[in-house]
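Thanks for coming, everyone. I'd like to walk you through one model this morning. Please have it up on your screens.

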Amino acid sequence: MLLIYTHKITPRFSYTMKQVFTRILGIDIIFTTKVEDFIKHTGPKITYSKQPLQNEFFVRSNELLFVHGINDLQITVEDWEGTPCFFRTKEPSVIPYDIFSASFYLLARYEEYLPYLKDTHGRFPPLESIASTNNFLQLPVVDIWAYRFLDKLKERFPAIVSKKRKFQHTSIIDVTSSHCFAHRGPVRSIAGLLYDMGTLKWKRVVQRTSVWLKIKKDPYNNYEDLIEIQKKYQIESIFFFQFANYSTYDKNVSPENNNFKYLIKSVADYSVVALAASYSSFRDVKLLKEEKKRLSNVVNRPINYSRMRYNRVDIPHTYRNLVEAEFTDDYTMGYTHEMGFRAGTCTPFYFYDIAIEEKQPIKIHPFAVHDYALRNSNSEDEALEKIRMYYDQVKKVNGHFITIFSNELLGGDQAINWLNLYNKVIQKYHV
């Protein structure tokens with residue numbers, strides 16, 4: 001048991017220490033503000049405060065974990081033995097940076113509370129992030145800092161117990177359009193045919209009619225192939241189905257369609273099924289709850305996991321809505337068109353609401369690889385190499401490697417054979 005002495009135990013302090021020590025490093029911890037308890041403790045112990053008590057293992061703290069609210073902080077990112085870091089400390093701190101304040105800044109998404117220019121879908125642009133502007137978006141720095149800190153800790157306390165965690169890979173399949181041509185109803189189907197003919201898309205006309213006549217399988221209907229790949233390599237998977245009414249940005253098959261319901265049930269026999277929340281439900285908690293309930297009724301089990309349409313996250317409102325809708329886990333923390341670690345980590349973490357200074361009961365599972373960020377790749381090999389870079393980073397810290405693939409791309413007619421690419425990703429990176 002590691003004892004951590006500090007001058008003040010705050011929600012931010014507790015949240016950060018539990019994430020770094022318990023969830024990343026696997027070290028049991030206790031806190032104290034009493035000097036006599038610290039002196040009496042015979043096991044490993046550290047001080048996290050402004051001044052050391054004696055000649056103990058001391059980390060000089062920044063103010064961030066002991067204040068309230070949001071301030072426009074002046075942050076200077078520097079190099080710490082080859083890894084970017086910030087919040088520099090002074091002697092006699094054992095490490096030159098307050099990695100706990102820096103970790104909180106990234107995990108709590110502090111920068112997303114500050115004013116920024118949103119994109120067309122109201123999202124935080126990756127290019128405005130501290131990670132992008134300082135060239136460390138490709139690194140799970142929170143995990144790297146934690147393990148570097150552990151090395152220092154073991155130098156002082158060789159007998160300290162740290163439970164080694166195992167690398168995980170979870171394959172996420174985003175199903176916001178379950179079928180390209182099939183099961184879309186007569187009005188939408190005829191309208192689609194007329195549009196294809198009017199825009200001279202004869203190849204789609206042939207594909208569409210071939211699917212209608214059951215000469216060919218719908219190009220998006222690759223679920224059996226995906227499940228077969230996942231079973232072969234025993235990969236953990238989650239299928240996120242959109243189950244919403246038609247709207248400008250929500251164009252899946254109708255939730256009333258029995259074929260669609262049967263598809264979801266059949267997938268649920270082999271994999272976890274979760275909700276890809278509609279664009280329309282982004283600020284409508286009532287609608288979000290309704291979509292969750294309807295999908296739950298189809299699979300006859302609770303729906304606990306969520307993903308937001310287009311990876312839209314508005315901090316803190318999105319997570320407040322998900323908590324109110326009683327989701328336990330969310331898989332939206334990442335960027336659609338940019339690879340990287342949006343929260344600086346490859347370890348699941350709970351959402352901390354800075355506006356009310358409270359940890360919320362929803363676990364965020366950050367992803368680094370999204371298929372749409374690979375669309376500018378010229379070949380399968382180039383795409384695989386990009387993915388490998390992120391796999392290697394996660395593997396180094398035994399983190400959670402989450403990949404997002406859309407069934408639209410997997411079944412689309414593209415220069416890259418996305419289904420073949422997916423097969424290679426699972427084959428190469430499942431362990």
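First, the ground rules. This is a predicted model, so local features need pLDDT of at least 70 and side-chain atom pairs count only at pLDDT 80 or more, while totals for chains, interfaces and linings use all residues. Residues are numbered from 1 along each chain as its sequence is written, and side-chain values use heavy atoms, with hydrogens and water left out.

Pockets. Rolling a probe the size of a water molecule over the atoms shows where empty space is left. Here a pocket is an open set of points on a 1 Å grid over the protein atoms alone, where a 1.4 Å probe fits and protein lies on both sides within 12 Å along at least five of seven lines; lining residues have an atom within 4 Å of a point. A volume is the space filled by probe spheres set on the points, which are joined across faces, edges and corners.

The largest pocket comes to about 1,300 Å³. Its lining has 48 residues, and Ser-177, Cys-180, Arg-204, Tyr-220 and Glu-408 lie nearest the centre. That lining splits into 16 nonpolar, 17 polar and 15 charged. Elements giving at least two lining residues each include helix H6 (186–198), strand E9 (272–277) and helix H13 (407–410). Helices (H or I, at least four residues) and strands (E, at least two) are DSSP runs, numbered from the N terminus.

The second largest pocket has a volume of about 520 Å³. It is lined by 22 residues, with Asn-221, Tyr-223, Glu-224, Leu-263 and Ser-266 closest to its centre. H7, helix H8 (223–232) and helix H9 (258–268) each give at least two residues to that lining.

Now His-179. Where is His-179 placed? In the loop between strand E7 (168–175) and H6. His-179 is buried at 5% relative accessibility; buried means under 20% relative accessible area, exposed over 50%, partly exposed in between, with a 1.4 Å probe and protein chains only. Contact means heavy atoms within 4.5 Å. Beyond four places in sequence, the contacts of His-179 include Asp-218, Tyr-220, Asn-221 and Leu-263.

Next, Trp-145, in helix H5 (residues 141–156). Trp-145 is buried, at 0% relative accessible area. Trp-80 sits 65 residues away from Trp-145 in sequence, but 9.3 Å away in space, C-alpha to C-alpha. Trp-145 also contacts Phe-86, Ile-99 and Leu-106, among others.

Last, aromatics. A pair of aromatic rings is described by the distance of the centres and the angle of the planes. Rings of Phe, Tyr and Trp (its six-membered ring) pair if their centres lie within 6.5 Å; planes under 30 degrees apart are stacked, over 60 edge-to-face, the rest tilted. The structure holds 37 such pairs. Take Phe-104 and Tyr-352: the centres are 5.3 Å apart and the planes at 75°, so the pair is edge-to-face. Phe-104 is in helix H3 (residues 99–107) and Tyr-352 in strand E12 (residues 349–353), so the pair ties together parts 248 residues apart in sequence. Phe-104 is buried at 0%. Tyr-352 is buried at 0% relative accessibility.

Another edge-to-face pair is Tyr-279 with Tyr-310, 5.7 Å centre to centre and 70° between planes. Buried or partly exposed, then? Tyr-279 is buried at 15% relative accessibility, whereas Tyr-310 is partly exposed at 28%.

Technical notes
Ala, Val, Leu, Ile, Met, Phe, Trp, Tyr, Cys and Pro count as nonpolar, Asp, Glu, Lys and Arg as charged, and the others, Gly among them, as polar.
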